[in-house]
Amino acid sequence: MKTILSTVLLLSTAMMSFSIASASTTLEYDAECKYYNTNKVLKYSGKCHFNWGVGMGVGDSTYQRYIMTYPNGNEVWIFINDDDSATVNDIPAMSLKAKRGFEKVITNQGEVFEFTKGSE
């Protein structure tokens, strides 16, 4: 029994080390952000706090992850893939063309999120 527990502990430690070593770099920053509801009405324009990171998807694909926090504490999780497909809080979306230095994402429900990029 002692051997099994030692093995499990050793494997857990090794997996934790691998997870930490493979974690992506993140960047915390404040940025301009806008939110348009499904009727294309601007509902928020101002500062938001962001946590930006990149990760590896399937094969050679990569993605960007944005955690956008509004001043009232509400969070929106946005993932943008290499192929411009995206998700916003698990809702399918697409990344759109935006002015230089900005990201713009529209959900399949019609909500639009536009914000300053974390990295150029």
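Q: Which strand is E103 in?
A: This is a predicted model, and in it E103 sits in strand β7, which covers residues 102–107.

Q: What's the nearest side chain of opposite charge to E103?
A: That's K117, at 4.3 Å. E103 is buried but has no salt bridge, because the cut-off for one is 4 Å between the nitrogen and a carboxyl oxygen.

Q: Which side chain makes a polar contact with E103, then?
A: Y66 does, with the two side chains joined at 3.4 Å.

Q: And what else does E103 touch?
A: Leaving out residues up to four places away in sequence, the contacts include Q64, I80, S95, A98 and F113, and also E114 and F115.

Q: Switching topic: how many salt bridges are there?
A: One. E32 pairs with K47, and their closest N and O atoms are 3.1 Å apart.

Q: Why does that pair tie together separate parts?
A: E32 is in strand β1 (residues 26–36) and K47 is in strand β2 (residues 42–56), so the link joins parts 15 residues apart in sequence.

Q: Is E32 buried, exposed or partly exposed?
A: Partly exposed, at 36% relative accessibility.

Q: OK, the fold. What do the strands form?
A: A closed barrel of eight strands, in the order β1-β2-β3-β4-β5-β6-β7-β8, with antiparallel pairing. On average, neighbouring strands are turned by 30° against each other, ignoring direction.

Q: How many bridges join β4 to β5?
A: Three, between antiparallel strands β4 (residues 75–81) and β5 (residues 85–88).

Q: What does F79 stand opposite?
A: T87, in β5.

Technical notes: Residues numbered from 1 in each chain as written. Predicted model: local features only at pLDDT ≥ 70, side-chain atom pairs only at ≥ 80, totals over all residues. Heavy atoms only, no water. Helix = DSSP H or I, 4+ residues; strand = E, 2+ residues; numbered from the N terminus. Buried < 20%, exposed > 50% of the residue type's maximum accessible area, 1.4 Å probe, protein only. Lys, Arg positive; Asp, Glu negative; His and termini not counted. Polar contact = N/O pair within 3.5 Å; in protein donor to acceptor, adjacent residues only side chain to side chain. Contact = heavy atoms within 4.5 Å. Pairing = 2+ DSSP bridges. Axes fitted to C-alpha atoms, helices over the stretch in contact; angles between N-to-C directions.
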